[in-house]
Amino acid sequence: NKNVEEKKSNNINTTKKSNYSEIDQKLIQVDQKLKLLYYLRPINLGTEKDKFFSNFKANPKFEYPELKFDLFDLEKEINNVITDDTALGLLFERKREELVKKIKLLANRGFDDFTQISIDLYGAPSQDIVEKALEHLNKTKGTYSNIQGTIAAEEAKITMDKVFEDYGLNNWAVKIKEDMVSDAIAGKNNRLFLRKGALFSEDRIKNLIIHEIETHILTAENGKAQPYELLNRGLANYLETQEGLAIYNILTQMKESEKNLYLSVSLVYAVDMAMKHSFVEIFEKMLDFKIPPERAWRTALKVKRGLEDTGKAGGFTKDFLYYKGYKQIESFVAQGGNIKDLYRGKFNINDLELILNIENIKEPKYLPKWL
């Protein structure tokens, strides 16, 4: 697309050296306002869930929070960011382009273009990946539902706080929170959130420690020590590599690949289904794979958020990244890549060469015990 190429070159300065700290801060300010998952969380989730669980047949109709900023002003702001063609300049330009897509995504909540913008941002599974996912799910049916958790969030919190202590991360703490879509998530303000009422098995707690603390949080802490804050917050497409690395770490440490791949594989299939099917159909398909009703509901919600009428085709493709990222890490390691390099901060593997070319980039201070 000629216009896009022209726009790109307009935003890249090939002569004057840029003020990188200023660009870093400007991109972060915009990124902080966007709060994608907050603005894609339906405000009527509770009532729609109750309705759904009363007969399992009504596709939810979602309403979303009002935006606390003007999208047009924000887009204008981000389009005024001029980078250069150094390694850092190119990384910042990629982040700028990603933010433009995120702005468009929020502008199109509830509209037909939402799905296509999500695909532009995160991609969508190829037929080949979908077939592999289906094969895996059929082969391992019921693997997931056998895991009964008996450990309350309050007890899990004690275990995880101890892990922070062991790594010397005294600035981090676990907090129990209501109304979360996931059971656990690492927040931006040095908090690891656990969902109130969630029950965990011992294996699940180990998984979460590897996934949230020993992948996301250690990487974020290393990113904090870097000269630019975006390495802590996340450069363009960092999520794919971060989530892939988390799954890779779990599979190498826990050794139960069938069970630990089950959820990310089911999300690949759910994202693909969302493109053509309704919320109810996705939910029913997850039940066929022996995924418990509560988890099946959350899977359908993850891939249908962003739509108002979830009976329509289309959806949010972000959760396909877990499996896609895992495959990315697998091939990186097979080609002799060093996992330690990925702990320097939050970025996509494809940008590693540019990262290593940043002046005064530091070695990672925090690494998982097994590394």
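The following legends describe views of a predicted model.

View 1. The chain contains 17 helices and seven strands, and its C-alpha trace spans about 65 × 45 × 40 Å along the principal axes. A compact globule of 371 residues would have a radius of gyration near 21 Å, and because the chain has 21 Å, the two values agree. Of the contacts in the chain with a separation of 6 or more, 74% are accounted for by residues 24 or more positions apart.

**View 2. Surface and interior of the chain.** The accessible surface of the chain comes to about 17300 Å², and carbon and sulfur atoms make up 49% of that area. Of the 371 residues, 54% count as buried.

**View 3. The largest nonpolar core, around F92 and M160.** This core, the largest nonpolar one, has 108 residues, and F92 and M160 are those with the most contacts inside it. When residues up to four places away in sequence are not counted, M160 touches V174, L192, L194, I205, L208, I209 and I213. In soluble globular proteins, nonpolar side chains tend to be buried together.

**View 4. Helix α12 and the residue that follows it.** Helix α12 comprises residues 238-254, and at 1.5 Å a residue its 17 residues should span 24 Å, which agrees with the 24 Å between its end C-alpha atoms. Of these 17 residues, 15 are buried, so α12 is largely enclosed by the rest of the structure. After α12 comes K255, whose phi is positive, near 65°.

How values were computed. Residues numbered from 1 in each chain as written. Predicted model: local features only at pLDDT ≥ 70, side-chain atom pairs only at ≥ 80, totals over all residues. Heavy atoms only, no water. Core = buried A, V, L, I, M, F, W, Y, C linked by side-chain atoms within 4.5 Å. Buried < 20%, exposed > 50% of the residue type's maximum accessible area, 1.4 Å probe, protein only. Contact = heavy atoms within 4.5 Å. Helix = DSSP H or I, 4+ residues; strand = E, 2+ residues; numbered from the N terminus. Expected span 1.5 Å × (residues − 1). Rg over C-alpha atoms; globule rule 2.2 N^0.38 Å. Areas by Shrake-Rupley, 256 points an atom, 1.4 Å probe, with all protein chains shown as cover.
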